[in-house]
Amino acid sequence: MRRIVFGLAGILIAVAGVAAAVYAVLFIPTEHFNPPRLVAIRKGESLSAAARDLAREGVIRNAIGFVLYAETTAQARRVKPGDYAFAG
């Protein structure tokens, strides 16, 4: 009985940790940038490449999280080429 309780407690702690990590990656905003960060998304560039550029400049926290969120919310096609300035 004791093993079951400790096993369930361990699983609960692991699930809470994963949930906290997902929340941190997807929903906690980045800092404000002064001056704004400039990122160019080129025509024909994949969503993954654009996400890597955004992550490299610190605009987003995680490229994989960005791509997963964009794909699951049907926003991936809304990313357009151009020059963007991000203030944070």
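What share of the 88 residues of the protein counts as buried? In this predicted model, the figure is 20%.

## Overall architecture

The protein contains three helices and two strands. Read from the N terminus, these elements follow the order α-β-α-α-β. The radius of gyration is 18 Å, well over the 12 Å that the globule rule gives for 88 residues, so the protein is more spread out than a compact globule. The C-alpha trace spans about 60 × 30 × 15 Å along its principal axes.

The accessible surface amounts to about 6,800 Å². Carbon and sulfur atoms account for 64% of that surface. Where contacts join residues at least 6 apart in sequence, 63% of them link residues at least 24 apart.

## Helix α1 and the nonpolar surface patch

A nonpolar patch on the surface is formed by Val18, Val22, Tyr23, Leu26, Phe27, Ile28 and Tyr69. Together these residues have about 670 Å² of accessible area. Helix α1, residues 2-27, provides the largest share of the patch, with five residues.

Ile28, also a member of the patch, is located in the loop between α1 and β1. The relative accessible area of Ile28 is 37%, which makes this residue partly exposed.

Helix α2 covers residues 47-56. Its buried residues are Leu47, Ala49, Ala50, Ala51, Asp53 and Leu54. The cover over them includes β1, α3 (63-72) and β2 (82-86). After α2 comes Gly58, which has a positive phi near 85°.

The largest nonpolar core has 11 residues: Phe33, Val39, Leu47, Ala51, Leu54, Val59, Ile60, Ala63, Val67, Ala70 and Ala76. Helices α2 and α3 each contribute at least two residues to this core.

Gly82 belongs to strand β2 and is partly exposed, at 24% relative accessibility. When neighbours within four places in sequence are set aside, Gly82 is in contact with Val39, Ala40 and Ile41. Strand β1 comprises residues 37-41. Gly82 and Ile41 are 41 residues apart along the chain, yet their C-alpha atoms are separated by 5.3 Å.

Val39 is a link between several of these descriptions. It is a member of the largest nonpolar core, a contact of Gly82 and also a contact of Asp53.

## The salt-bridge network

The structure holds three salt bridges. Two of them involve Asp53, a residue of helix α2: one is formed with Arg42, at 3.8 Å from N to O, and another with Arg56, at 2.5 Å from N to O. In the remaining bridge, Arg42 pairs with Glu45, with the closest N and O atoms 3.1 Å apart. Through shared partners, these bridges join Arg42, Glu45, Asp53 and Arg56 into one network.

The bridges differ in what they connect. Asp53 lies in helix α2 and Arg42 in the loop between β1 and α2, so this pair ties together parts that are 11 residues apart in sequence. By contrast, Arg56 and Asp53 are both in helix α2; because they are three residues apart there, about one helical turn separates them. An α-helix has 3.6 residues a turn, so residues three or four places apart point the same way.

How accessible are the members of this network? Asp53 is buried, at 9% relative accessibility, and Glu45 is also buried, at 18%. The two arginines are exposed: Arg42 has a relative accessible area of 51%, and Arg56 has one of 60%.

Apart from neighbours within four places in sequence, Asp53 is in contact with Val39, Ala40, Arg42 and Glu45. Two of these contacts, Arg42 and Glu45, are themselves members of the salt-bridge network.

How values were computed
Residues numbered from 1 in each chain as written. Predicted model: local features only at pLDDT ≥ 70, side-chain atom pairs only at ≥ 80, totals over all residues. Heavy atoms only, no water. Patch = residues over 30% accessible without salt bridge, like charges linked within 9 Å, V, L, I, M, F, W, Y side chains within 5 Å. Areas by Shrake-Rupley, 256 points an atom, 1.4 Å probe, with all protein chains shown as cover. Salt bridge = Lys/Arg side-chain N within 4 Å of Asp/Glu carboxyl O. Helix = DSSP H or I, 4+ residues; strand = E, 2+ residues; numbered from the N terminus. Buried < 20%, exposed > 50% of the residue type's maximum accessible area, 1.4 Å probe, protein only. Contact = heavy atoms within 4.5 Å. Core = buried A, V, L, I, M, F, W, Y, C linked by side-chain atoms within 4.5 Å. Rg over C-alpha atoms; globule rule 2.2 N^0.38 Å.
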